[in-house]
Amino acid sequence: MKLLAFILCVFCFIIKPFAQEPKAPSPILFIYDASGSMWGKLDAQTKKDIAANVLTTTVSNLPKNQQIGLMAYGHRTKGDCEDIEYLVNLSNNSKEKIVEAVNGINSLGKTPLARSATLAINSLRDSKTKATIILITDGIESCDGNICKVVTDAKAEGINFKLHIVGFGLKESETEQLKCAAKAGDGHYYNAADASSLDEGLAEATSETIDKPNGNFSIYATKNGQPVDAWVKVVKSGTKDEIAGTRTYRDTGWVYLPPGKYDLIVNPLENSRIKGTTISIESVKDEIGHQTVSFDGGKINLITLNNNEGWDCTSKVTTQEGVVVGGSRTYGRPLIIELNPGVYDIELIALNMKGHESKFTIEDVIVEATKTTDATHNFKTGIAMIGVKSDEELIDALVSINSKDTGLNVAGSRTYTSESSNPREFILNPGIYDVKVTAAKKEYSGKTETFSIEVKQGEVVTKILNF
């Protein structure tokens, strides 16, 4: 047995060096913007420094056997549309060489996007290499080129590449040609407004390489008829096993899904009270699938009244399970509350109003997508005016008001000695109340009177005590 084990061990040692190495991924070529506008600042840093730092991080996270090339434009002279250079060849597998080259770039010139893409594509044609091209730019074409046409023509010729474009600090109006080029290059356009989103864009771009199958399922997210930036996670149906993910960037996101059933977990990335949603889908062999995800919510038009007049209230909207999902003060005006479709309860507390009916819950309010549902409650009150005097002198006194029905205290205050507060106004729900008035001045120390009053809706009842 020992001899057999020895022979097997020797055999393993002999064949181990001949074990097949993992296949190296296809090269990634970064086209780096070194135009003069990269000296512009975002969050107190130049775009040049931000891009260099983020690209360094991105490169460091690539696989060890990843071949990485680097091209730059505008880094040597001003005003030269031909200032484009391969700084690191595509056969390079040294991350340090890329980082060193990026840190040595100066930003000077123009933005020859079409010429840069042409040079990159020509190199792939000549070397018969397939690659992922990632263009990072903070500006639009400034050399009369059309990058979308360049990419479209190259694809028609059969050159094998995937093009992603990361727009850094661009306005929406400046992205049309870049989006066109990325789409023609079977890639994505990523909008980066700061260092964080640049990092996210480059991380996703380097994961969506030419070696990955082209997407066969698209997702488009909208809210109230407008595209929404959303994050999409795809899991096997009924499980938490993540299969793919993408971001829509207010456009169409693509994923590759083998035939089967899946759950799309989609969450909006823009300001909204609307929560994410999960949708069940199926990917069919040899078919392109699509799912439009609508985050259209419904609205509640909350109207709070008192005696048919607008009244200030606090509101709290809860699900049937008691989860708080919205609410605010009404300030006596209609309040629009946007929510996911569903059934809700609205808890109201009327302000500056006392009594056992100053709180109310509007139950089972049904909210439907794209529709507005009115929810109205009309509180009822009357006014009690309670004052204290001695002959013509106003007397400072403490007033305490209890509900006759429950015995619970509902209101209290002081009259002081000013005509603005004596008699003191109490806004109360209709009903019968027991009132206790106790003098606060020393010369009337211990003087107390109790009485009952009835408050009727919309009416004023006045009681002036004479100590």
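**Exercise 1.** Determine whether Arg-76 is buried, partly exposed or exposed, and find its salt-bridge partners.

Solution.
Step 1. Arg-76 has a relative accessible area of 42%. Buried means under 20% relative accessible area, exposed over 50%, and partly exposed in between (1.4 Å probe, protein chains only). Arg-76 is therefore partly exposed.
Step 2. A salt bridge is a side-chain nitrogen of Lys or Arg within 4 Å of a carboxyl oxygen of Asp or Glu. The side chains of Arg-76 and Glu-85 form one, at 3.3 Å from N to O.
Step 3. Glu-85, at 28% relative accessibility, is also classed as partly exposed.
Step 4. A network of salt bridges links Arg-76, Asp-83 and Glu-85. The structure has 20 salt bridges.

The model is predicted: local features need pLDDT of at least 70, side-chain atom pairs count only at pLDDT 80 or more, and totals for chains, interfaces and linings use all residues. Residues are numbered from 1 along each chain as its sequence is written, and side-chain values use heavy atoms, with hydrogens and water left out.

**Exercise 2.** Locate the two residues of the salt bridge between Arg-115 and Glu-82 and state how far apart they are in sequence.

Solution.
Step 1. The closest N and O atoms of Arg-115 and Glu-82 are 2.9 Å apart.
Step 2. Arg-115 belongs to helix H4 (residues 113-127), while Glu-82 sits in the loop between S4 and S5, so the pair ties together parts that are 33 residues apart in sequence. Helices (H or I, at least four residues) and strands (E, at least two) are DSSP runs, numbered from the N terminus.
Step 3. Arg-115 is partly exposed at 32%, whereas Glu-82 is exposed at 52%.

**Exercise 3.** List the disulfides and describe each one.

Solution.
Step 1. A disulfide is a pair of cysteine sulfur atoms within 2.5 Å. The structure holds two.
Step 2. Cys-81 is joined to Cys-143, with an S to S distance of 2.1 Å. This pair links distant parts of the chain, 62 residues apart: Cys-81 is in the loop between strand S4 (68-73) and strand S5 (84-88), and Cys-143 is in the loop between strand S6 (131-137) and helix H5 (147-157). The link of Cys-81 and Cys-143 is left-handed, with -90° about the S-S bond.
Step 3. Cys-81 is buried at 18%, and Cys-143 is buried at 4%.
Step 4. Cys-148 is joined to Cys-180, S to S 1.8 Å. Since Cys-148 lies in helix H5 and Cys-180 in helix H6 (residues 176-184), the pair ties together parts that are 32 residues apart in sequence. The torsion about the S-S bond of Cys-148 and Cys-180 is about -45°, so this disulfide is left-handed.
Step 5. Cys-148 is buried at 9%, but Cys-180 is partly exposed at 35%.

**Exercise 4.** Describe the surroundings of Thr-415.

Solution.
Step 1. Thr-415 is in the loop between strand S28 (409-414) and strand S29 (424-428).
Step 2. With a relative accessible area of 0%, Thr-415 is buried.
Step 3. A polar atom of the Thr-415 side chain lies 2.8 Å from the backbone oxygen of Ile-395.
Step 4. Contact means heavy atoms within 4.5 Å. Leaving aside neighbours within four places in sequence, the contacts of Thr-415 include Ile-386, Val-388, Ile-395 and Asn-422.

**Exercise 5.** Find a stretch where the pLDDT is below 50.

Solution.
Step 1. pLDDT is the predictor's confidence in each residue, from 0 to 100. The protein averages 90, and 94% of the residues score at least 70.
Step 2. Residues 1-20 have a pLDDT below 50, and beyond near neighbours in sequence this stretch has zero contacts in the model.
Step 3. Where pLDDT is low, the predicted coordinates should not be read in detail.

How values were computed. A polar contact is a pair of N or O atoms within 3.5 Å; within protein, one must be able to donate a hydrogen and the other to accept it, and residues adjacent in sequence count only if both atoms are side-chain atoms.
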